[in-house]
Amino acid sequence: MQPDKIFSLLKLKFSQATQEGSCGAVVIPRERLLDVAKYLISSELSFDNLHCITAVDRQERIELVYIFFSLQARHNLTVKVYLTPDDLKVESLASFWKSADWFEREIYDLFGVTFRNHPNLRRILNPEDWKDHPLRKNFSRSDFIKKERY
Amino acid sequence: MELPVREEEKNIHSEECYMNMGPQHPSTHGVLHLELKLDGEVVVDSIVHIGYLHRSMEKIAENRTYTQFIPFTDRLDYVSAMNNNLGYCLAVEKLMNMDVPLRAKYIRVIAAELNRIASHLIAIGSFAQDLGALATPLFYCFRERELILDIFDEICGNRLTYNYMRIGGVQFDLPDGIDKKIQDFIKCMRSRIKEYIDLLSYNVIFLARTKDIGVLLKDKAVNYSVTGPNLRASGVRCDLRKDEPYLVYDKFQFDIPVADKGDVWDRYNIRIQEIEQSLRIIEQALAGLPEGNPTVKVGRIHKPPAGEVYLRTESPRGELGFYIVSDGSEYPYRLKIRAPSFSNLAVIPELIRGVKMADVVSILGSLDIVMGEIDR
Amino acid sequence: MFTLLNLITMLVVGAMILGFIAGSSMFLIWGERKVSARIQSRLGPMRVGWQGLLQSVADAIKLLLKEDIMPTGVDKWVWQLAPFFAAVPSVMAFVVIPFGKNLIVKDLNVGILYITSITSICVLGIFMAGWSSNNKYSLLGGIRSAAQIISYEVPLILSIITVVMFTGSLSMQKIVEEQSKYWFILRPNLAVAFLIYMISALAEVNRTPFDIPEAESELVAGYHTEYSGIRFAMFFVAEYTNLFIISAVAATLFLGGWQGPVLPPVLWFLLKTYGIVFILMWVRWSFPRVRVDQLMSFTWKVLTPIAFLNLIISGWILVR
């Protein structure tokens, strides 16, 4: 199925969805995340493979990027959720796709985003008693040196 | 079948014991820490601790130019470094909409497939050693891997972390006489695969240790986003080289081995068959190698246009994905590495519930994980 | 009457046997390293002496000079006695090994029974080492080993009884002399007994494919994790001495002992014994390891019934 058709199907069901970026990512509001997930996994879109979840720190907002693939229908979809830096909470998708479990733990560890209803939200790459969230752009330690740009 | 508990047994105080496997352990394939809750010999529950090899590569990437990051990708999955180089370079080239000379594409395919064979040899050798075949299969596999490493030594000067591919091509052209060496290697490897199958695949003890153990069902594998030989062993016919061909894979004829049960033996057997298919690809690539200049000009600083890209390639362990966000400058704004072993390892707590201690080692070996790419 | 001559004879013979054991163990350790190396397409020890022959001597000296570390928390007396319980029975079994026509320390008329009883004490040593080491891995190794050795004694003794039935005597020299016409292995039911004996004996001495108590990849080093220096050397020497004993018993019971045409009897005996040792080493480096429950089910569900059946058939052949 072509990306435009997927987007039009999503737009029919969820009117707040918008498209952005060169990747053709679909932006949805954070409150509708669970409904969109339910629709993606059960409808004829059949996105059974949540391939990757990642986050990008854009200073004024944090984007959560969900990348879906479908093994049967052979199409893909990128879904984005924008979070404001002072309210980093969103629902966890671990009940739909088990692969989301460890990806969300990694984002909690590196960005500080809290996932509600996650089965086991602990740090995964850094030690348990680590204090800050390294991949944020405001990360600063005395031994972290930003290189000069050319 | 549960026998009824007798009165005397209810008063016997039995404890479950907690045991740590790792981080330093001969068979956890790197620094993996498995905390097991044992009831005698049977594993009741387990917790996986990773992060002992975390080197914060994604943060480092925000401080390096695109070419400067290529040696870092070698050190992700250090056993198959060429495939990591390939994935990264393809992602950056897609971001920049850059095309690669045809000869470079063929050379990249040859390097990637040779490295796939080397990686599977390590998987098979260390798996057999974990089962107790005290180093004999390991030495045989390493003997073949030495031939591949010698070929790579001639091509790019390194044996483990190659730093060979560049954005837009490769670092050096193939030296003279290398195709004769590769042909000899292919001939030698074909006879050695027969040896492995004779010695190991149908050995009674090996079958008893691997058949019907660690069965990974199809829908569970897809839900956990398991990829690569592990997914193909569970019955899903999915290989990026055939489904979304990159480089020149659509010009070659090769099969995708698929098994149906998903137990440990299937995962091992698929890797043996994939070595054979990689040999076919290398033969065809060598035969069709075009003329041209595959190298790139040294010293160019790449400044991709602002945007983002997600590209996945088929590495020996599964689907390796690179998500690159660029803001127009010479440093990436965000670089995310989606490692195949990360999702493959997440299946472990479910797979080892209720099995005996000896099978934990067997299942872990069959999943073929490398901690370098899990922890990054 | 016990005279000075008796005392001197005892001491001299004892010294000869101990000397033979020490030399033979060193030779077997070197042999294992060379055989394993060639099977794995490498060379093995090459530097110390011609083809590395003095490597075992160098290793023995190194082990003797190591610091004696006793971990805290071990059960002191049990931990210190365990290597002796493993090593001494192996030496004691040499009393009835027939090296030649009159070259046997004492031809006890319960020879083979004596050997099986004495070697059963070795399991005590392993279990004591596993228990007293205050270490989960060693305990697992000790438990597995105890279960394994006790289970495999049954088919071992059954196969030995099959041979004894054909001889009518438990004495080792009588068994060898009964094979003067043709060796016992040439009879089909005794060939089956030979196979059962070899499998059970491999499990008795904890060698691959039955080396679960020392399974490196799971238990680090099993029951002898906490031992170093000379104590570890005692376990090590005990293992190779046991290997020699089971091969010697196999050669005596099934291959005709010291019988043979041209060469002197001692040479024949050593040739047969070391031939079987070579085959056991070959097996070690070719097969993976079985799992503990598969080991147990194999002996109780497969090996013991076959041994019983073989015994009954042999009895029927004799009576016929």
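Biologist: What joins β6(B) to β7(B), and through how many residues?

Modeller: A hairpin makes the link, with 2 residues leading from β6(B) into β7(B). In this predicted model, local features need pLDDT of at least 70 and side-chain atom pairs count only at pLDDT 80 or more, while totals for chains, interfaces and linings use all residues. Residues are numbered from 1 along each chain as its sequence is written, while chains are lettered from A and ligands numbered from 1 in the order in which they are written.

Biologist: Why is β6(B) called largely enclosed by the rest of the structure?

Modeller: A residue is buried if 20 or more other C-beta atoms, placed from the backbone, lie within 10 Å of its own, exposed if there are 12 or fewer, and partly exposed in between. In β6(B), 8 of the 9 residues are buried, so the strand is largely enclosed by the rest of the structure.

Biologist: How do you know that A:His51 is buried or exposed?

Modeller: A:His51 has 22 C-beta neighbours inside 10 Å and therefore counts as buried. A:His51 lies in strand β3 (residues 49–57) of chain A. Two residues are in contact if their C-beta atoms lie within 7 Å, and, leaving aside residues up to four places away in sequence, A:His51 touches A:Ile67, A:Phe68 and A:Phe69 as well as B:Ser225, B:Gly321 and B:Arg338.

Biologist: Which elements of chain B give two or more residues to the side that touches chain A?

Modeller: The contact takes 32 residues from chain B and 28 residues from chain A. On the chain B side, the elements that give two or more residues are α2 (57–61), α9 (218–223), β6 (307–315), β7 (318–326), β8 (334–338) and α13 (340–345). The largest share, 4 residues, comes from β6(B).

Biologist: How do you know which residues on that side of chain B are nonpolar, polar or charged?

Modeller: Ala, Val, Leu, Ile, Met, Phe, Trp, Tyr, Cys and Pro count as nonpolar, Asp, Glu, Lys and Arg as charged, and the others, Gly among them, as polar. Sorted in that way, the side of chain B that touches chain A has 13 nonpolar, 10 polar and 9 charged residues.

Biologist: How many residues does chain B bring to its contact with chain C, and what separates chain A from chain C?

Modeller: Chain B contributes 26 residues and chain C contributes 21. By class, the side of chain B that touches chain C has 16 nonpolar, 5 polar and 5 charged residues. Chains A and C are joined by no contact, and their closest C-alpha atoms lie 25 Å apart. Of the 2 pairs of chains that touch, A and B have the most contacts.

Biologist: Why is chain C called as compact as a globular protein of its length?

Modeller: The radius of gyration is taken over C-alpha atoms, and the globule rule is 2.2 Å times the number of residues to the power 0.38. Chain C has 12 helices and 0 strands. Its radius of gyration is 20 Å, close to the 20 Å that the rule gives for 320 residues, so chain C is as compact as a globular protein of that length. Of those 320 residues, 43% count as buried.

Biologist: Which domains does chain C have, and how many of their residues are in contact?

Modeller: Domain bounds come from an automatic or database domain assignment, which for chain C gives domain 1 (9–65) and domain 2 (69–319). Between the two, 14 residues of domain 1 are in contact with 17 residues of domain 2. The largest share of the domain 1 side, 11 residues, comes from α1(C).

Biologist: What makes the largest nonpolar core, and which residues have the most contacts inside it?

Modeller: A nonpolar core is a set of buried Ala, Val, Leu, Ile, Met, Phe, Trp, Tyr and Cys residues joined through C-beta atoms within 7 Å. The largest one has 214 residues, and those with the most contacts inside it are A:Phe68, B:Ala91, B:Ile324, C:Tyr197 and C:Ala250. Helix α10 (residues 230–254) of chain C supplies the largest share of this core, 16 residues.

Note on methods
Pairing = 2+ DSSP bridges.
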